[in-house]
Amino acid sequence: MPEWKDEVRKLAQQMEKAPQILPEEIPDLEIYMDQLTTYLDKRLGFYNREGESPFVTRSMVNNYSKAKLLPPPAAKRYSRVHVMLLSLVCQLKRIFTIQDLGRLLAPVAGEEETGSLYRLFLTAQRESFAETPAMAKALLARLGETDEPARAKAALVTQLAVRAQRDLLLAERVLDPLRPPEEEKPGKDKKKKGKT
């Protein structure tokens, strides 16, 4: 069996054991920005591509706050809701644009609704990633034996990309009709009732 196939199998097994931050593991206290970014980077750095910057940075948190993907911090402190939302956003940012993430998260408000969506995400992720070794084995079997690892890897990556394309297209088509709540536009204030 070619060595590169063993490497793919090992990578698939790592995916099966991908780390997650369970809601009950999130500290029930408010933390500062540096603590937030350090915590998320330590716990979820697995999801970075090799050589990438940290999982989350101060500027990312500020940008996501400006884009209204996160509620504002309370006295510069971040809560459990921030940890759950940042975990979601940072893992889904490769898949969705900021605007799409805004649509996705628009119906979610408060710790209970955020926790519900986050738990659903974790369950779906765990189930999907658990299938990775079997899926990799099936895809590798389709390739057969080859002396040219570069061509075989290209074929494998293409098969994986098609699966990702399928899932993304379906997700986008379900997401497209969702619209975030209209933001108040400057200059279009409601007329104030005054004395006549």
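Let me begin with the aromatic pairs. In this predicted model, the count comes to 2 aromatic pairs. One of them is formed by F46 and Y47, with the ring centres 5.2 Å apart and 85 degrees between the planes, an edge-to-face arrangement. The other feature to look at is the pairing of Y47 with F129: here the centres lie 6.5 Å apart and the planes meet at 45 degrees, so this pair is tilted. Taken together, F46, Y47 and F129 make up one aromatic cluster.

How exposed or buried are the members of this cluster? Y47 has a relative accessibility of 14% and therefore counts as buried. F129, at 18%, also falls under the 20% cut-off and is counted as buried. F46 is partly exposed, because its relative accessibility is 34%, a value between the limits of 20% and 50%.

T37 counts as buried, because its relative accessibility is 11%. A polar atom of the T37 side chain lies 3.2 Å from the backbone oxygen of D34. Which residues does T37 contact once its neighbours within four places in sequence are left aside? They are V56, T57, R58 and V61. Of these, V61 is itself one of the buried residues of α3, which brings me to that helix.

The buried residues of α3 are M60, V61 and Y64. Viewed down the helix axis, these residues fall within an arc of 100 degrees, so they line one face of α3. What covers the buried residues of α3? The covering elements include α2, β2, α4 (80-92) and α5 (98-105).

S65 also has its place in helix α3. With a relative accessibility of 21%, S65 counts as partly exposed; the cut-off for a buried residue is under 20%. The C-alpha atom of S65 is separated by 9.9 Å from that of H82, and the two residues are 17 places apart along the chain.

Finally, I would draw attention to the backbone after α3. The helix is followed by K68, whose phi is positive, near 65 degrees. K68 is a residue other than glycine with a positive phi, and its place is in the loop between α3 and β2 (77-78). K76 lies in the loop between α3 and β2 as well, and its phi, near 65 degrees, is likewise a positive value in a residue other than glycine. Are these two lysines buried or exposed? K68 is exposed, with a relative accessible area of 61%, and K76 is exposed, with a relative accessible area of 67%.

To close, I return to two points.

Terms used
Residues are numbered from 1 along each chain as its sequence is written. This is a predicted model: local features need pLDDT of at least 70, side-chain atom pairs count only at pLDDT 80 or more; totals for chains, interfaces and linings use all residues. Side-chain values use heavy atoms; hydrogens and water are left out. Buried means under 20% relative accessible area, exposed over 50%, partly exposed in between (1.4 Å probe, protein chains only). A polar contact is a pair of N or O atoms within 3.5 Å; within protein, one must be able to donate a hydrogen and the other to accept it, and residues adjacent in sequence count only if both atoms are side-chain atoms. Contact means heavy atoms within 4.5 Å. Rings of Phe, Tyr and Trp (its six-membered ring) pair if their centres lie within 6.5 Å; planes under 30 degrees apart count as stacked, over 60 as edge-to-face and the rest as tilted. Helices (H or I, at least four residues) and strands (E, at least two) are DSSP runs, numbered from the N terminus. The arc is that of the directions from the helix axis to the C-beta atoms.
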